[in-house]
Amino acid sequence: MRDRCADIGAARRDLVGRALTGIRSQPHDRYRPRPQPLVGPSSLAPTGAALERRGIRCHLPAAYRPGEAVPAWRDWPARLAAALPAMDGPVIAGHSMGGLLAARLAADLGAAGLICLDAAMPPESGIVLPVEPAFRAFLDTLPASDGTLPRWSDWWTVDIFEGAPLSDSEKAAFIDDIPALRLDWFDDDWAMPDWSAAKRAYLRTSLAFVDEARRAEAMGWPVVRLKGTHLHPLAEPEETADAILRCCAAMGRGKRR
């Protein structure tokens, strides 16, 4: 599998991921998973560890340190890039709204590949808001305190952990890692540069992103589907790590768009 991943680009690559991006292995050793702003790095850490056990070097960059204020949306790309080591042609994976940031970093870092992990499909260009207008309208219905929204885990009427095999301590650690965001944080934007040089793949883990996976497939992206939840990278890291490597192999067999 590692040899096939190496086909994505140069002999050594980085995989980055933080609800967003990153992976490193021996021949293909740079992966960057990127966590999305709505939850903390703990959501991707178990999958990062699973990839490391497979010989992949992962980077999970943070846009801010514990105790610091959450940066403005427009500052996230630069903050994440600054938190990463220099790499040649990384593969970047973005989870949930982190898919938008992953595409931006793919352009900024000259990534060899991009994996949308149960993520919003990023635009090829244009102005990028954190969420779509319909979702922004939903946020207006939430009970804000002095302009600050409840934690992401409290936005929903359903149990966010339903179907995810997590212990009480794992659930508590995940919730403690969720930042408090102001409502006006979602009114910011930045411009998407050209990221067309990167290969791309889509990894769907939940039914919530069925439509996004179909869009990716219609655009010619390799798509890997798992039967899980949106929190699969946290709850089922071994299966998620294997699926990420399948995405790498599929990108290696394809052509650049």
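The legends below describe close-up views of a predicted model.

View 1. W195 belongs to the loop between β7 (190–192) and β8 (199–204), and W221 to the loop between α7 (210–218) and β9 (223–225), so the contact ties together parts 26 residues apart in sequence. W195 is buried, at 1% relative accessible area. W221 is also counted as buried, with a relative accessibility of 4%.

View 2. Ring pairs join W73, F135, F138, W152, W155, W156, F161, F174, W185, F186 and W190 into a cluster. One of these rings, that of W190, has the charged end of R104 over it, 5.3 Å from the ring centre.

**View 3. Strand β5 and its neighbours.** Strand β5 spans residues 113–117, and five of its five residues are buried, so the strand is largely enclosed by the rest of the structure. G113, I115 and L117 lie on one side, L114 and C116 on the other, and both faces are covered. Strand β4 (residues 91–95) pairs with β5 in the parallel sense over five bridges, and V91 is found opposite G113 of β5. Between β4 and β5 the chain passes through helix α4 (residues 98–109), giving a right-handed β-α-β crossover. β5 also runs parallel to β8, joined by five bridges. In this pairing I115 stands opposite A201 of β8.

View 4. The structure holds 13 salt bridges. One of them joins E238 to R54, with the closest N and O atoms 2.8 Å apart. This pair links distant parts of the chain: E238 is in helix α9 (residues 237–253) and R54 is in the loop between α2 (45–53) and β3 (58–59), 184 residues apart. E238 is partly exposed, at 34% relative accessibility. R54 forms a salt bridge with D242 as well, the closest N and O atoms being 2.7 Å apart. Here the loop between α2 and β3 is again linked to helix α9, by residues 188 apart. D242 is partly exposed, with 38% relative accessible area.

View 5. R182 and D184 form a salt bridge in which the closest N and O atoms are 3.6 Å apart. R182 is partly exposed at 40% relative accessible area, and D184 is partly exposed at 45%.

Notes. Residues are numbered from 1 along each chain as its sequence is written. This is a predicted model: local features need pLDDT of at least 70, side-chain atom pairs count only at pLDDT 80 or more; totals for chains, interfaces and linings use all residues. Side-chain values use heavy atoms; hydrogens and water are left out. Helices (H or I, at least four residues) and strands (E, at least two) are DSSP runs, numbered from the N terminus. Buried means under 20% relative accessible area, exposed over 50%, partly exposed in between (1.4 Å probe, protein chains only). Rings of Phe, Tyr and Trp (its six-membered ring) pair if their centres lie within 6.5 Å; planes under 30 degrees apart count as stacked, over 60 as edge-to-face and the rest as tilted. A charge sits over a ring if NZ of Lys or CZ of Arg is within 6 Å of the ring centre and within 35 degrees of the ring normal. Two strands pair if DSSP finds at least two bridges between them. A crossover is right-handed if, with the strands pointing away from the viewer, the path from the first strand over the helix to the second runs clockwise. A salt bridge is a side-chain nitrogen of Lys or Arg within 4 Å of a carboxyl oxygen of Asp or Glu.
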